[in-house]
Amino acid sequence: MKLGNKRRLTQIVAFIISNLGFIRIFKTGFVCPFLYCYGCPFAAFGCPIGIIQNFMIYRQFPLFTIGSLGIYGILLGRTFCGWACPFGTLHDLLSHSNAKRSIQIRNYWYVKYIILFLTLGLAWVALDTVFCKFCPSGSLFAVIPFRLIYPESAEFGLFFYIHIFTLALTIALALLISRFWCRYLCPLGAITGAFNKVGLLTIEWNEEKCKKCNTCLDLCKMGITKTRDIGASTDCILCGRCVETCPEKALNFKIKK
Amino acid sequence: MYKINFKLKLLLLVGFIFVVALNVNDYWLIEILVRYVCTSCVGIG
């Protein structure tokens, strides 16, 4: 099976597993390794960003969540963004297969760290899950399904419209800039991306085999600009698009020792 | 670029496993959050 098909299959399986919560016993306290709102009526796991905010509100240190993210990160780095995240999958579907045809803007990688800092800071100061009120992933996977399943439950408040606005804006930007949310704004991507530096799984570049054709960089939806950054950059989601398209087979998945 | 020793990575992994194991009580708190989600908290209402 081609790597691209394997990736699509794992994305579908991850989406199904994330929604097993429609069977009550599968509503668990495990932490999801990607951004999937537990406001979804079918959610089986807790969104790490939502949980961390809740723990900050209650002035507790979210050690279980940090530990879980640490395990995911050390084992697989940011792989979940490329292979499992349902919101990342949506971005994959929306963006052009040749990333060079998307709008190219500077790599403001640090913006997602600012978003992460603001998310945690606002939860601490405002004693509220402020980020969740704007999260476009929550809009798609929680707000809309919740409204469809429980139409009579509550009136449409201000945050419903804010959610729809942020979702529409994110989708519009994702159509123009490949993996827009993952590249610039995802606070969970900021945490898991940091693990790319220490993660066991990586993509290895064989400089001797490489003919510098830059096919890998042209197809990279995360906008990586240097071949040596593949696998190591905090932006690399280890999707393997570069691995499968390299004509010289100079890129390969590898356990980093 | 700096490189981190493989054994150090495994040590980190074991460290994180210990952190999870020692705070397993949080699992039940998170399960409550997931099961009885506050709709206004996640901005649904």
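In this predicted model, helix H3 of chain A and helix H1 of chain B pack at an angle of about 150 degrees, and their axes are 8 Å apart. Angles over 145 degrees count as roughly antiparallel, and H3(A) and H1(B) are therefore roughly antiparallel to each other. The crossing in which H3(A) passes H1(B) is left-handed. On the side of H3(A), the contact is formed by Leu63(A), Phe64(A), Ile66(A), Gly67(A), Ser68(A), Gly70(A), Ile71(A) and Ile74(A). Their counterparts in H1(B) are Lys9(B), Leu12(B), Leu13(B), Phe16(B), Ile17(B), Val19(B) and Val20(B). By class, the residues of the contact of H3(A) with H1(B) comprise 11 nonpolar, three polar and one charged.

The contact between the two chains as a whole involves 36 residues from chain A and 27 residues from chain B. On the side of chain B that touches chain A, the elements giving two or more residues are helix H1 (6-22) and helix H2 (26-35) of chain B. The residues on this side of chain B are divided into 19 nonpolar, four polar and four charged.

The largest nonpolar core contains 73 residues. Those with the most contacts inside this core are Phe34(A), Leu35(A), Tyr36(A), Cys37(A) and Tyr38(A). Helix H3 of chain A, residues 63-76, gives the most to the core, with six residues. Leaving aside residues up to four places away in sequence, Tyr36(A) touches Ser18(A), Ala43(A), Phe45(A), Cys47(A), Pro86(A), Ser137(A) and Phe141(A).

Within chain A, helix H8 and helix H9 (residues 158-176) pack with their axes 8 Å apart, at an angle of about 115 degrees. The range of 65 to 115 degrees counts as roughly perpendicular, and H8(A) and H9(A) are therefore roughly perpendicular to each other. Their crossing is left-handed. Pro136(A), Gly138(A), Ser139(A), Leu140(A) and Val143(A) of H8(A) meet Phe160(A), His163(A), Ile164(A), Thr166(A), Leu167(A) and Thr170(A) of H9(A). The residues of this contact are divided into six nonpolar, five polar and no charged.

Cys135(A) is located in the loop between helix H7 (130-134) and helix H8 (136-149) of chain A. A residue counts as buried if 20 or more other C-beta atoms lie within 10 Å of its own; Cys135(A) is buried because 32 other C-beta atoms lie within 10 Å. The C-alpha atoms of Cys135(A) and Ile162(A) are 9.3 Å apart in space, while the two residues are 27 residues apart in sequence.

Notes
Residues are numbered from 1 along each chain as its sequence is written. Chains are lettered from A and ligands numbered from 1 in the order in which they are written. This is a predicted model: local features need pLDDT of at least 70, side-chain atom pairs count only at pLDDT 80 or more; totals for chains, interfaces and linings use all residues. Two residues are in contact if their C-beta atoms, placed from the backbone, lie within 7 Å. Helices (H or I, at least four residues) and strands (E, at least two) are DSSP runs, numbered from the N terminus. Ala, Val, Leu, Ile, Met, Phe, Trp, Tyr, Cys and Pro count as nonpolar, Asp, Glu, Lys and Arg as charged, and the others, Gly among them, as polar. A residue is buried if 20 or more other C-beta atoms lie within 10 Å of its own, exposed if 12 or fewer, and partly exposed in between; C-beta atoms are placed from the backbone. A nonpolar core is a set of buried Ala, Val, Leu, Ile, Met, Phe, Trp, Tyr and Cys residues joined through C-beta atoms within 7 Å. Axes are lines fitted to C-alpha atoms, for helices over the stretch in contact, and angles run from 0 to 180 degrees between N-to-C directions. Angles under 35 degrees count as roughly parallel, over 145 as roughly antiparallel, 65 to 115 as roughly perpendicular and the rest as oblique. A crossing is left-handed if the near helix is turned anticlockwise from the far one by less than a right angle, and right-handed if clockwise.
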